[in-house]
Amino acid sequence: MQNEILWVVMLLANFLLIIGAYKLFGKGGLVMWIPISVIVANIQVIQTVELFGLVATLGNIVYASSFLVTDILSENYGKSDAKKAVWIGFFSLISMTLLMNLALYFLPLEGDEFASSTHESLSTIFKLMPRIAIASLAAYLVSQQHDIWAFHFWKKRFSSDRQLWLRNNLSTMVSQLLDSVVFTFIAFYGVFELSLLYEILLTTYLLKWAVAAADTPFVYWAKHIHKNNRFVVK
C-alpha cells in the first residue's frame, strides 16, 4: 500500500501547492504552476510503478493538475489568460528539452567518478526526453486547447457558481482522455507490448480521471479566494 498512500499524499500536495501559489501570487501563481507541472511530469513519467494492482506511470497527478489551473484561470480570468498559460507551458517544455539534451553533449571531468556517475544518471533520465517531449507537446496542446474550449462551451450552458463543478468535470474528463490516448501511443508505442500499452493507457486515464474528480473542491476554493480578493501579494 506504500505507493497508493504516496499517491494520495502527492495528490493533496499538488492541490495545496496550487492554492498556495494562487493565494500568494494571484493569477501569476497559477501561470507559474503550468511550467512546473509540465516539466516535473515529463521527468516523473519515465518511471513505471504499480498502483492499485495496475501498471501506471508517474507524472499523472502533477500533469493532471495543470487542467485544474487552466480551469481556474478560465473561470476567474477568461479564455485569453488560460490560453496564454497553455502556451507558456508549451514553451517551457521545449526549452527544458533543448537545454537538457545540449547538456548531455558535455564531457564529464576526466577521472572524476562523481561527475561520470552524474552524467550517466542525467543520460538515463533525459535521453528519452525528445520522444517523451513530442508525445507530451502533442497531447498537451490537443487536450489543453480542448479543455479551454469545452470549459467555456459548458459555462454558457451551466453558468451559475453552483454548476462550477459540472463545467469543470465535463471539460476536464474528456480532455484527460484525449491527453492519455495521444501521449501513450506516441510515447510508448513500440516500447511496450500492446497489452501493456493498453493497460498503461487505462490506468493513466483512470488516475487522471480520479484527479479531475478530486480537484472540484479546490476549484471552489480558488473561486472564493478570487471573489474575496484574498491574495498575500497584491
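# Pocket, cavity and helices in a predicted model

Visitor: How do the residues of the lining of the largest pocket divide into nonpolar, polar and charged?
Guide: This is a predicted model in which local features need pLDDT of at least 70 and side-chain atom pairs count only at pLDDT 80 or more, while totals for chains, interfaces and linings use all residues. Ala, Val, Leu, Ile, Met, Phe, Trp, Tyr, Cys and Pro count as nonpolar, Asp, Glu, Lys and Arg as charged, and the others, Gly among them, as polar. On that division, the lining of the largest pocket has 8 nonpolar, 5 polar and no charged residues.

Visitor: Which element gives the most to the lining of the largest pocket?
Guide: A pocket is an open set of points on a 1 Å grid over the protein atoms alone, with protein on both sides within 12 Å along at least five of seven lines, and lining residues have an atom within 4 Å of a point. The largest pocket has a volume of about 200 Å³, and among its 13 lining residues N3, L6, W7, M10 and L58 lie nearest its centre. At least two lining residues come from each of α1 (2-25), β1 (48-51) and α3, helices being DSSP runs of H or I with at least four residues and strands runs of E with at least two, numbered from the N terminus. The most, 4 residues, is given by α1.

Visitor: Which element gives the most to the lining of the largest cavity?
Guide: The structure holds 1 cavity of 30 Å³ or more, a cavity being a set of points where a 1.4 Å probe fits but cannot get out. About 150 Å³ of space lies in the largest cavity, and of its 17 lining residues V45, G59, Y63, F183 and K208 are the closest to its centre. Two or more lining residues come from each of α2 (27-44), α3 (60-77), α6 (129-157), α7 (164-188) and α8 (194-214), and the element that gives the most, with 4 residues, is α7.

Visitor: How far apart are the end C-alpha atoms of helix α5?
Guide: Residues are numbered from 1 along each chain as its sequence is written, and side-chain values use heavy atoms, with hydrogens and water left out. The expected span of a helix is 1.5 Å times one less than its number of residues, so the 14 residues of α5 (residues 113-126) should span 20 Å. The model agrees with that expectation, since the end C-alpha atoms of α5 are apart by 20 Å.

Visitor: Within what arc do the buried residues of α5 fall?
Guide: Buried means under 20% relative accessible area and exposed over 50%, with partly exposed in between (1.4 Å probe, protein chains only). The buried residues of α5 are A115, S123 and F126, whereas E113, F114, E120 and T124 are exposed on the other side of the helix. The buried residues line one face of α5, because, seen down its axis, they fall within an arc of 90 degrees.

Visitor: What separates the C-alpha atoms of L51 and T203?
Guide: L51 lies in strand β1 and is buried, with a relative accessible area of 6%. Although L51 and T203 are 152 residues apart along the chain, their C-alpha atoms are separated by 8.5 Å.

Visitor: How far apart in space are F126 and I72?
Guide: F126 lies in helix α5 and is buried, with a relative accessible area of 7%. F126 and I72 are 54 residues apart in sequence, and their distance in space, C-alpha to C-alpha, is 31 Å.

Notes. Grid points are joined across faces, edges and corners, and a volume is the space filled by probe spheres set on the points. The arc is that of the directions from the helix axis to the C-beta atoms.
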